[in-house]
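Hello,

Here is the structure I promised to pass on.

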Amino acid sequence: MPGILLGDVFPNFEADTTIGKIKFHDFLGDSWGILFSHPRDFTPVCTTELACAAKISNEFKKRNVKMIALSIDSVEDHRGWSKDVMAFGSEGESPLPFPIIADDKRELSVQLGMLDPDERDKDGMPLTARCVFVIGPDKKMKLSILYPATTGRNFDELLRVIDSLQLTAQKKVATPVDWKPGDKVMVIPSLSDAEAASLFPNGVTTKELPSGKKYLRYTKI
Ligand code: BEZ
């Protein structure tokens with residue numbers, strides 16, 4: 001299946017969306033972006049995901065991340081579905097705070113490698129998987145995650161990985177398991193001890209290990 005790899009420039013596709021026609025790079029401007037796909041409009045798991053995404057959309061905005069969803073139905077369906085999503089999320093008649101791309105011909109889903117060949121609609125047509133792509137301000141793909149249609153995503157985890165991506169884009173650090181902003185971070189292996197000492201004024205602590213190798217180096221940012 002064709003696809004986009006980490007570090008690739010994300011395709012500058014044109015698409016019809018609930019806010020009109022867009023060219024993806026113009027839509028992103030200088031921001032980060034998150035594009036998440038859904039198998040279908042008016043489906044239960046997708047509705048819970050979009051309602052959650054809408055509820056925490058301010059958190060993405062704070063991080064300068066533009067959100068956009070995709071589902072393989074028309075703009076008209078998306079508009080009707082958006083009302084259900086906001087009602088489900090108890091947001092009354094507020095509009096969905098981000099656009100949804102219409103891909104009723106599945107052309108973009110094919111181009112972006114989003115179709116799940118094992119998940120089909122009642123007519124036997126493949127549905128989109130739950131893909132997540134995070135795109136940096138340089139328009140390159142920084143992260144991709146692929147879930148099957150039957151497993152809903154955790155949008156708090158997506159905020160957490162964006163915090164890590166934005167931090168590690170600026171500093172020569174990596175974030176360990178379950179890291180959250182404010183926790184200690186790890187010095188990347190390619191930095192020498194001398195470089196680490198000069199780059200991290202809060203100091204570097206090294207965990208002793210049976211191998212005697214000093215590769216677990218922590219610092220505070
Ligand atoms: C859902 O969003 O609930 C869903 C969509 C396609 C397959 C399975 C679940």
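Taken over C-alpha atoms, the centres of domain 1 and domain 2 are 36 Å apart. Domain 1 covers 8-153 and domain 2 covers 171-219, with bounds that come from an automatic or database domain assignment.

Some notes on the source: this is a predicted model, in which local features need pLDDT of at least 70 and side-chain atom pairs count only at pLDDT 80 or more, while totals for chains, interfaces and linings use all residues. Residues are numbered from 1 along each chain as its sequence is written, and side-chain values use heavy atoms, with hydrogens and water left out.

Now the helices (DSSP runs of H or I, at least four residues, numbered from the N terminus). H2 (residues 44-55) packs against H4 (residues 75-88) at about 70°, the axes being 8 Å apart; axes are lines fitted to C-alpha atoms over the stretch in contact, and angles run from 0 to 180 degrees between N-to-C directions. The pair is therefore roughly perpendicular (65 to 115 degrees). On the H2 side, Cys46, Thr47, Thr48, Leu50, Ala51 and Ala54 meet Trp81, Val85, Met86 and Phe88 of H4 (heavy atoms within 4.5 Å).

There is also an open sheet of four strands, ordered S10-S11-S13-S12 with antiparallel pairing; strands are DSSP runs of E, at least two residues, and two of them pair if DSSP finds at least two bridges between them. S10 (173-174) and S12 (204-206) are at the edges with a single partner strand each, so one side of each has no neighbour in the sheet. Three bridges join S12 to S13 (residues 217-219), and Thr205 has Tyr218 in S13 as its bridge partner.

Best wishes

Definitions and conventions: Parallel < 35°, antiparallel > 145°, perpendicular 65-115°, else oblique.
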